[in-house]
Amino acid sequence: MTAQIIDGKAFAATIRDKVAGHVARLKADHDIVPGLAVVLVGEDPASQVYVRSKGKQTVEVGMQSFEHKLDVNTSEANLLALVERLNGDPAVHGILVQLPLPKHLDEDLVINAIDPAKDVDGFHISNVGLLSTGQKSMVPCTPLGCLMMLRDFHGSLSGMDAVVIGRSNIVGKPMAQLLLGDSCTVTIAHSRTRDIADVVRRADIVVAAVGRPEMVPGDWIKPGATVIDVGINRIDAPEKGEGKTRLVGDVDFASASRVAGAITPVPGGVGPMTIACLLANTVTACCRANG
Ligand code: GUN
């Protein structure tokens, strides 16, 4: 069997088009321009790439982008003061503080200082609580993008066995909540799970979000299952030449795509969906703020 490829890049482009349409209508009918503020502390190269990409796409759909770059040694008080300022700025509808933060800054404290209504990442404790109790909330972008791809591919997910590999607050836990909300039977597997291969083999849906390159081999996948690969790992690629690298997921694509029914590629799967959902969340926050 050769898996169908779920094209996240193309799907994300359709979401961005819809967002651009909403933004144009907000401007034409109400003279409102949604604004997204992104805060980056330090110079982590991967974070810099993400932040640049977020800013570029925000502008491309017609929204305002506010980028705040703080020195790696910035104090917690300084960062919290910036968050407070953004909370009070009516031109800012969404606030994203890029993670990870440098070690001397308390991530929970900073995230929970964001106005929950502007928390387009869905990481604030009140949004986490709302999601887990099935209430209207800001939903974390990466799991939301995964859910949209799964719904688009399957229609209803009701009754399906889903395994989420990874228990992070950013992806694993909210992903499990979303799948539960769509009436899947959900298992969260992690580094201490016994017989993880057997656990994964029972799943109709596998979401891999561990950050370990090609950790999930094809023989863990049930024939015909749908595989969503959240991992974006850069590894050495000597076959491409000295010093060259390539991106791989958490799933061994070559072997898994021979067994799965459908699979997301890396790159071009979950990654583009995450930013598209961030833009969509910003429009949602703007609409809620303006009644
Ligand atoms: N770092 C890696 N992924 C994310 C994300 O979705 N949001 C934020 N704020 N930081 C991240």
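I looked up the domains and found their C-alpha centres, for domain 1 and domain 2, 28 Å apart. The assignment gives domain 1 as 31-116 and domain 2 as 141-271; such bounds come from an automatic or database domain assignment.

I noted the ground rules. The model is predicted, so to speak of local features I need pLDDT of at least 70, side-chain atom pairs count only at pLDDT 80 or more, and totals for chains, interfaces and linings use all residues. Residues are numbered from 1 along each chain as its sequence is written.

**Ligand shell.** I listed the residues around the ligand: Leu96, Val97, Gln98, Leu99, Asp121, Cys141, Thr142 and Ile170. A residue is near a molecule if its C-beta atom, placed from the backbone, lies within 6 Å of it. Domain 1 and domain 2 each provide at least three residues of the shell. Strand S4 (94-97) and helix H6 (141-154) each supply at least two. Helices (H or I, at least four residues) and strands (E, at least two) are DSSP runs, numbered from the N terminus.

**Annotated positions.** I turned to UniProt, where an unreviewed entry puts the feature "binding site" at Gly166, Arg167, Ser168 and Ile232. UniProt annotations may be inferred rather than shown by experiment.

Where is Arg167? I found Arg167 in the loop between strand S5 (161-165) and helix H7 (172-181). Arg167 is partly exposed, because 18 other C-beta atoms lie within 10 Å. The cut-offs: 20 or more other C-beta atoms within 10 Å is buried, 12 or fewer is exposed, and in between is partly exposed, with C-beta atoms placed from the backbone. Beyond four places in sequence, Arg167 is in contact with Gly172, Lys173, Ile188 and His190. Contact means C-beta atoms, placed from the backbone, within 7 Å.

Ile232 sits in the loop between strand S8 (226-229) and strand S9 (233-236). Ile232 is also partly exposed, with 19 other C-beta atoms within 10 Å. Leaving out residues up to four places away, Ile232 touches Leu247, Val266 and Gly271.

**Nonpolar core.** I checked the largest nonpolar core, which has 87 residues; Ile165, Val206 and Val207 touch the most other members. A core is a set of buried Ala, Val, Leu, Ile, Met, Phe, Trp, Tyr and Cys residues joined through C-beta atoms within 7 Å. Helix H10 (residues 270-289) gives the most to this core, eleven residues. Domain 1 and domain 2 both give residues to this core, so it lies between them.

Technical notes:
Contact = placed C-beta atoms within 7 Å.
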